[in-house]
Amino acid sequence: MLLQTKQLCKQFGGVYALKNINFEIAEGEIHGLVGENGAGKSTLIKILTGVYSLDSGEIYWNGDTAQIYDPQRSRNIGINVIHQDRHLIPAFNGIENIYLGLKYEKKLGFMVDWAKMKKRVEEVILDLGIEIDLTFPASKLTPPQRTLLEIVRAMMTECKLLILDEPTASLTDKEAEMLFETIGKLQSRGTAILYVTHRMDEIFRLTNRITVFKNGEMIKTVNTTDVNKDKIISMMTDNWVSEKIEGSANFGRIILSVKNIASKDKVVKDASFEVHSGEILGIFGLGGSGRTELLECVYGYRPMTAGSVVLEGKLIEKGSPSSSIENGMVLICEDRRGMALITSLSVKQNTVLSKIDSYARFGIVNETMEKEDTLEKISALNIKTEGPDQTVLQLSGGNQQKVVFAKALLSSPKVFLCDEPTQAVDVMTRHEIHKLLREKADEGNAVVFVSSDLKEILEISDSVQVIANGRTKELLKNNSLTAEQVLSCCYED
């Protein structure tokens with residue numbers, strides 16, 4: 001075996017994050033690792049990559065005991081990882097980010113040889129079949145482009161085990177196919193892949209074996225061909241089964257009307273839509289269609305040069321995030337760590353951010369009220385946390401996303417703008433988010449739901465607004481609507 005762990009344990013605050021894990025992966029194997037958020041998947045990854053130390057147990061690499069005491073040691077023996085939360089420096093361009101942690105090429109013994117470094121990166125990109133502009137800083141790249149950049153960085157060294165943690169989150173089908181081709185090439189070279197995702201179709205398409213984690217324990221490892229999706233989910237969730245949540249077909253008045261929006265950066269060229277009370281409107285488009293940018297314009301985060309936003313009959317002039325919140329509109333953004341949360345702060349401090357001014361009087365903050373409101377949201381959203389004072393960074397991805405929703409709900413919004421709200425969360429959390437949004441719609445609110453997952457759009461939306469090349473196109477009623485019908489609109493000239 002390439003990698004083995006024996007009786008591996010890790011605790012935080014006296015609670016086991018991993019308990020007696022006996023895991024293995026063979027050379028050239030694609031091994032799926034699944035489990036709910038908080039099951040221990042990310043903790044295992046961080047131990048294998050030297051971010052966390054293990055409390056007890058052993059790690060074996062090619063049959064020999066391995067001491068992985070820091071990330072550099074992990075890379076040196078041949079382990080690379082693409083984390084769920086991308087590790088890039090926003091101001092660095094593609095080449096600078098790709099060479100993070102790598103030795104710079106030199107000329108004349110002391111000068112950085114940027115030309116040689118660029119050539120080497122371009123060779124790797126060409127071999128992987130990836131298209132990306134290396135001159136752009138990471139801050140200007142889309143989430144899919146950032147993922148591709150990290151894949152290139154991982155492939156710059158001799159990689160024997162590549163760990164992919166939610167690699168296709170926010171990727172379009174085409175971009176995902178490019179990744180799958182790359183994985184196939186790596187496997188043919190003998191590289192092992194540890195594939196961590198909540199997307200079951202990818203697990204069954206790509207992997208040879210699947211290991212299930214639950215509550216920090218390893219439940220079982222099975223051959224992929226011996227099980228089906230329902231069996232895996234039952235092992236993860238104690239036989240929990242998701243059901244589609246139906247909404248009412250009788251909508252109320254128009255709550256949000258967006259007409260002929262154009263963004264200053266020209267990503268959004270001419271976009272219009274309306275969403276009613278009680279409605280969940282899905283917005284779907286391919287990569288680069290402007291779906292995220294459209295929501296940012298409506299919310300007031302991205303500058304507009306044309307168009308109007310009318311919220312409950314009131315024209316929003318000079319829109320901004322603060323004015324949107326004041327007028328009852330919130331954005332659940334795609335990048336929760338970069339834009340929605342301050343991960344070094346506590347659950348309470350993040351939750352109350354949306355209405356922090358309301359807790360202060362005469363310069364004195366009412367911390368008791370802050371705590372009461374936070375505890376109410378923790379209970380209502382079933383956030384798994386030690387308490388309101390636990391830092392958000394210590395929570396699993398799914399529970400971090402619930403904190404994002406807690407913050408949004410605290411402002412009592414009438415309109416929810418949701419951009420990839422279930423990205424990288426487990427099946428139960430995804431269902432809980434869908435149920436929450438449907439409940440909010442049924443209460444008379446309006447929901448705009450953007451996702452790169454067309455199946456999810458069809459699962460939750462009452463109507464689907466297609467967007468392509470920055471322009472809204474057909475509005476499709478979701479009555480027996482098929483993926484083919486939606487995609488045909490996306491690809492029309």
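1. A residue is called buried when its relative accessible area is under 20%, exposed when that area is over 50%, and partly exposed in between (1.4 Å probe, protein chains only). By this definition Ile 219, with a relative accessible area of 38%, is partly exposed. Ile 219 belongs to strand S13 (residues 217–223); strands (E, at least two residues) and helices (H or I, at least four residues) are DSSP runs, numbered from the N terminus.

2. The model is predicted: local features need pLDDT of at least 70, side-chain atom pairs count only at pLDDT 80 or more, and totals for chains, interfaces and linings use all residues. Residues are numbered from 1 along each chain as its sequence is written, and side-chain values use heavy atoms, with hydrogens and water left out.

3. Leaving aside residues up to four places away in sequence, Ile 219 touches Val 212, Phe 213, Lys 214 and Met 235, where contact means heavy atoms within 4.5 Å. The C-alpha atoms of Ile 219 and Gly 35 are separated by 9.6 Å, and the two residues are 184 residues apart along the chain.

4. The domain assignment divides the chain into domain 1 (3–236) and domain 2 (253–491); such bounds come from an automatic or database domain assignment. The centres of the two domains, taken over C-alpha atoms, are separated by 29 Å. To the contact, domain 1 gives 18 residues and domain 2 gives 22 residues. About 1,600 Å² is buried between domain 1 and domain 2, with 47% of it from carbon and sulfur atoms; buried area is the accessible area (1.4 Å probe) that two parts lose on being put together, summed over both.

5. Strand S11 (residues 192–196) is mostly covered, five of its five residues being buried. Ala 192, Leu 194 and Val 196 point one way from S11, while Ile 193 and Tyr 195 point the other way. Two strands pair if DSSP finds at least two bridges between them. Strand S4 (residues 30–34) runs parallel to S11 and is joined to it by four bridges, and strand S10 (residues 161–165) pairs with S11 in the parallel sense over five bridges. Val 196 is the bridge partner of Leu 33 and also stands opposite Asp 165.

6. An open sheet of six strands has the order S19-S22-S23-S16-S24-S25, with mixed pairing. Strand S19 (329–332) and strand S25 (471–477) are at the edges with a single partner strand each, so one side of each is left without a neighbour in the sheet. From one strand to the next, the twist averages 20°. S19 pairs with strand S22 (residues 415–419) in the parallel sense over four bridges. Helix H14 (residues 397–409) packs on this sheet, touching S19 and S22, and its direction makes about 170° with that of S19; axes are lines fitted to C-alpha atoms, for helices over the stretch in contact, and angles run from 0 to 180 degrees between N-to-C directions.

7. Strand S14 (residues 254–263) and strand S17 (residues 304–311) pair in the antiparallel sense over six bridges, with Ser 308 in S17 as the bridge partner of Lys 259. S17 also pairs with strand S18 (residues 314–315), again antiparallel, over two bridges. Two residues lie between the strands in the hairpin of S17 and S18, where Glu 312 takes a positive phi near 50°.
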